[in-house]
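I am opening my notebook to write down what I looked up in this structure, one topic at a time.

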Amino acid sequence: MSSQNKSVVVTGVSTGIGWGTVKVLTGKGFHVFGSVRKQADADRLKGEFGDAFTPLLFDVTDEAAVRAGAHQVEAALGGATLAGLVNNAGIAVAGPLLHLDVEEFRRQLEVNLTGVVIATQAFAPLLGAEGAGRKDPGRIVNISSVGGRTANPFLAPYNTSKFGLEGLSGSLRRELLPFGVDVIVVAPGAVATPIWDKADEIDQGPYANTRYAGPLAKVAAYMLEMGRNGLPPERIGEAIHTALTAPRPKVRYTVSPSPFQTFMSEKVLSPRALDPIVGKRLGLLPE
């Protein structure tokens, strides 16, 4: 797929992976429609990326706003096919599951899973799905995580959303076979993004008198370290570019700063073998 005159929609581009993706794709000749929730972010990004970028103002959980964004893109395309939809917008909710506010769990799934469904339904016709009569069908790239195959304590909401996204992506890929719209997963490891910088903002107060107080503090510190030592967002943008343009793309791309560790945890060590290793490191083993 040539980038010439190609347009891509990327959700959640104000910072992090979304911003890195806009930088990479616009640098390679794509026009990017990027979603943000605040006008100030739209103005900032427009100033940074110029005519190669068009902001879309919506929250992925707001179905009416997302559909309005899709109509905006359709008008701009003028009958051309959208080359790609990158479902990137997401949040990370943390906390011990036994004590977690259920509304926070619902919010995690609403943004990271339901939001993907809303955006996919809105933009799929522009990619060539549902017999829209468009040539050269586009692709959908869903941003999962290495946490979509390996779960960590206190990240149950986030891991649940990413495990779910992996299943959603596989089902959707097969459902879209009649239209030639491919679905590819990009699964980053640690990336230097604000999503992990917020680890020190986790309110540990509600868990202070539980068995999890000490281990939770260790996880928060670990998340901060991951964010500071993670890959630059542009590395993920490069993988997304590959997923959008490779003649025969893989169904899943893992991009990790520690590929051996990721390979061991995903493919080699059994969950039972990992349990005591994680438990000892975080102080979760029986005393």
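This is a predicted model: local features need pLDDT of at least 70, side-chain atom pairs count only at pLDDT 80 or more; totals for chains, interfaces and linings use all residues.

The entries below go from the sheet to its helices and then to the aromatic rings.

**Entry 1, the sheet.** I found an open sheet of 7 strands with parallel pairing, in the order S3-S2-S1-S4-S5-S6-S7. I reminded myself that strands of a sheet pair through backbone hydrogen bonds, either parallel or antiparallel. Strand S3 (53–57) and strand S7 (252–255) stand at the edges with a single partner strand each, so one side of each is left without a neighbour in the sheet. From one strand to the next, I noted a twist that averages 20°.

I then picked out strand S1 (residues 7–10) and strand S2 (residues 31–36), which pair in the parallel sense over 4 bridges. Within this pair, I wrote down that Val9 has Phe33 in S2 as its bridge partner.

Which strands does helix H1 lie across? I found that H1 (residues 16–27) lies across S1, S2, S3, S5 and strand S6 (182–188), and that it runs at about 170° to S1. Helix H8 (residues 233–245) also packs on the sheet, where it touches S1, strand S4 (84–87), S5, S6 and S7, and its direction makes about 150° with that of S5.

My search of the whole structure gave 2 aromatic pairs. Phe49 and Phe53 form a tilted pair, with 6.2 Å from centre to centre and 50° between the planes. Phe49 is buried at a relative accessible area of 14%, and Phe53 is buried at 0%. The rings of Phe154 and Tyr212 have centres 5.5 Å apart and planes at 80°, so I recorded that pair as edge-to-face. Because Phe154 lies in the loop between S5 and H5, and Tyr212 in the loop between helix H6 (194–197) and helix H7 (213–229), the pair ties together parts that are 58 residues apart in sequence. Tyr212 is partly exposed, with a relative accessible area of 22%.

Is Phe154 buried or exposed? At 7% relative accessibility, I counted Phe154 as buried. Its loop runs between strand S5 (139–143) and helix H5 (156–175). I also looked up its backbone, keeping in mind that most residues other than glycine have a negative phi. Phe154 is not a glycine, and yet I found a positive phi of about 75° for Phe154.

Technical notes. Residues are numbered from 1 along each chain as its sequence is written. Side-chain values use heavy atoms; hydrogens and water are left out. Helices (H or I, at least four residues) and strands (E, at least two) are DSSP runs, numbered from the N terminus. Buried means under 20% relative accessible area, exposed over 50%, partly exposed in between (1.4 Å probe, protein chains only). Rings of Phe, Tyr and Trp (its six-membered ring) pair if their centres lie within 6.5 Å; planes under 30 degrees apart count as stacked, over 60 as edge-to-face and the rest as tilted. Two strands pair if DSSP finds at least two bridges between them. Axes are lines fitted to C-alpha atoms, for helices over the stretch in contact, and angles run from 0 to 180 degrees between N-to-C directions. Contact means heavy atoms within 4.5 Å.
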